[in-house]
Amino acid sequence: MEKFLGFDYPTLWFLVIGGLFTGYAILDGFDFGAGAWHLFFKKERNRRIALNAIGPVWDGNEVWLVIGGGALFAGFPVMYASLFSAMYIPFILFLVFIIFRAVSIEFRSKEEMNWWRKMWDISYSISSTMLAFLLGVVLGNVLQGISIGEDFQYHGDGFFEFLNPYALMVGITTLALFMTHGAIYLLMKTEGRMYEKLTALLRNGMIFFIVSFSITTLYTLLYIPHLSDTFKSEKLYFIIPLLAFLSIANIPRLVSKKKYRMAFIFSSLTMSFLLILVAVELFPTLLYSTIDPSFDITIYNAASSEKALSIMLTIAAIGTPLVLIYTIFVYSTFKGKVQLDDTSY
Amino acid sequence: MDVEILSRIQFAFTIAFHYIYPPLSIGLGLLMVIMESQYIRTGKKEYETLAKFWTKIFGLTFGVGVATGIVMEFEFGTNWATYSRFVGDVFGSALAAEGIFAFALESGFLGILLFGWNRVKPWVHLVSTVGVFAGSMFSAIWIVVANSWQQTPAGYHIVSTGIETRAEITDFWAMVFNPSSMDRLMHVWFGAFIAGAFLVMSVHAYYLLTNRHVEISKKAFKLALVVATVFSIGQLVSGHHSANGVAENQPAKLAAFEGHFEAEAPADMYILGWVDKEEQKVTGLKMKGGLSFLLHYDFDTPVTGLNAFPEDERPPAVNAVFQFYHIMVTIGMLLIALTLLGCFMWWRGKLFNRPWILWIFTIAVLLPQISNQLGWFAAEMGRQPWVVYGLLRTTDALSVSVSENQVLFSLILFFVIYSILFLLFLYLLDKKIRHGPYSEIPDEGRSLQSDMADVVSRK
């Protein structure tokens, strides 16, 4: 098998997709999180500031989803097909909310009427909340495994099978993490009274996250034993959960010192460590079969041909630096506290 | 109804709805680049006002376009799992390239395009506008490449792995430059430019009719008229080229376009008609041997007809394909006539003082939209019963694990949401148009007054 930097192509592609999803979680994570807090701001001006804090960037953040989804489709078509058709309802709901959210952001500012703005505020906040939650639900199902048969097809039944206890827990934890992350982002972008209010909200967010994260971790250790297999066989990997816990613990410390930029870096790091943890737990499996382990979808039986993977690595190698350049350019243009002007939402 | 029909309706519905917006974004993008360059070149304030005004409308179309665009990517996985497994290896690189080269570019610069007017230098802003426009053009490249590969597969081989059969890529550039991709790309780009130009003409014709924003509207209208004329004529050339390609690569589709049944006979060309599939007859107004002439410059050369193919390899809905194709062509011709008429009256100096022509241009905005939609319907329905021509049937491309109820649920959901979305879009578009190009002041009359007041008070 062809290798690059010591990795075979499916492994390399697994890392690329992992990287893309991590980037997506960090970026859309803060704007979903900011959206989930939206109804906690009562004044029109504060809501506008909150919205405009993510205004110029939310659309670019969603690009990561499109690219990540495209990369999964391209790299592991079998996984893409099985996961998406198995998780039909959550993915359709995800689409519905992503449309509602985009529409709410775009349309809210277009009319002055109180009811109009309130309506879009509610729809924006609910859809942001649901999107964070649904991402977690899908992740929970992936971690736990679903009924995949010999033919790589889903053999589960029922409309609501995706809503099982573990998926719910991961969903809520994801939401809590995004809310913490989003509140820190808003703190970097606001000043005055709103800033005061956010410090209180952030404290609640952190408690919410730490509680839900602890429960989920406990449940994972007790009831989803296959996820700790890798760690039992190779102790060195323990460093990853360790780093994750340390970086979580560092967030409240930095927040109490009002170092929000650093706190934001650490909430981003937390997401990265947690997703690396997920990657280590899964690898080389992509989707566990609850019917028979020999039906597991892995990076090897799901991958595209080496030729296709090498073509796409070339595309990624050319494209990624370009994306980084203009992402940095856009963020630096809009850096600092939010200023409302005639082009704002 | 079964899962196949429901899934097809859902995909057709979501993609047709989506396709209202990208052509407008691409077309408006081109006009915004022209307007903004004119502003920087000449320094005339009117062009800046125009660029800002159209950027706002662009923001609206782009926003809805993005929101409804992610849906298709997901649907490949949710509804068409077997298809995804079959094409992923080939299709994937095109889709990945779209995401990273095109979509990231346009969405990245969109922030500056919409919100950066007061934050960056004019030329940096122009670079962002060009970036967004280029991104939307690139987007079209990769999507059309992927779709064209389904029409005329190239650069692949079929591999069977026991559980499944799939196409694997062997030659990236052969896949990109598959026999139909460039013809179809031109056709899509031109269609988009025409759609954008007609929207600009429609809005400014309306202003001229109601005597608002007169000077600025004349400028914008002329600009858009030039774009519309060039590309309407270009579209005829591109369409002709494209049809030749279809004749060569997808003869069954071409035969369905013209309702040509006999396996080997000279083919007629219809201006309009009605296909009776059972009797294998077309009733209508025709040019005898017209299709033969168009393809081979000879009225008597035989053209492959539908009967040359086994029953189960012919497009089932021949009459629909025929009608959609013909309406598209008729509208194309109408647009050429209309733009040439516009240019003629401009030359005679009568363009802006004949209300009837302005009325026509106000309404004509719908024509390119209808034509773009029906063209795609003809192309996609003409490919049936295949989803990948000659390789994978639509019936076999479904998600096996998805049930009727699930698809029905999602279809109803999409229908409700898109209806609301469409009404809101129209409402806001109408509002923006009523509001006009000047941001603070409702109309030019007051603008002039307040300008004068400023001048007076300064003295």
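Two residues are in contact if their C-beta atoms, placed from the backbone, lie within 7 Å. The model is predicted: local features need pLDDT of at least 70, side-chain atom pairs count only at pLDDT 80 or more, and totals for chains, interfaces and linings use all residues. Residues are numbered from 1 along each chain as its sequence is written, and chains are lettered from A and ligands numbered from 1 in the order in which they are written.

**View 1. Chain B as a whole.** Chain B holds 15 helices and eight strands; helices (H or I, at least four residues) and strands (E, at least two) are DSSP runs, numbered from the N terminus. Its radius of gyration is 24 Å, close to the 23 Å that the globule rule gives for 459 residues, so chain B is as compact as a globular protein of that length. This radius is taken over C-alpha atoms, and the rule is 2.2 Å times the number of residues to the power 0.38. The C-alpha trace of chain B spans about 85 × 50 × 40 Å along its principal axes. Among contacts in chain B with a separation of 6 or more, 75% join residues 24 or more positions apart.

**View 2. Domains 1 and 2 of chain B.** Chain B is divided into domain 1 (1–23 + 37–72 + 403–445), domain 2 (80–178) and domain 3 (197–402), with bounds from an automatic or database domain assignment. Seven residues of domain 1 of chain B are in contact with eight residues of domain 2 of chain B. On the domain 1 side, helix 2 (21–42) and helix 3 (45–78) of chain B are the elements that give two or more residues. The largest share of that side, four residues, comes from helix 3 of chain B.

**View 3. A hairpin in chain B.** Strand 4 (residues 269–276) and strand 5 (residues 281–287) of chain B run antiparallel and are joined by seven bridges; strands pair if DSSP finds at least two bridges between them. Four residues lie between these strands in the hairpin, and B:Gln280 in the turn has a positive phi of about 55°. B:Gly273 stands opposite B:Gly284 in strand 5 of chain B.

**View 4. Helix 11 of chain A.** Helix 11 (residues 260–282) of chain A has 23 residues and reaches 33 Å from its first C-alpha to its last, close to the 33 Å expected at 1.5 Å a residue; the expected span is 1.5 Å times one less than the number of residues. Its buried residues include A:Phe266, A:Met271 and A:Phe273. A residue is buried if 20 or more other C-beta atoms lie within 10 Å of its own, exposed if 12 or fewer, and partly exposed in between. Helix 1 (9–37) and strand 3 (285–287) of chain A are among the elements that cover the buried residues of helix 11 of chain A.
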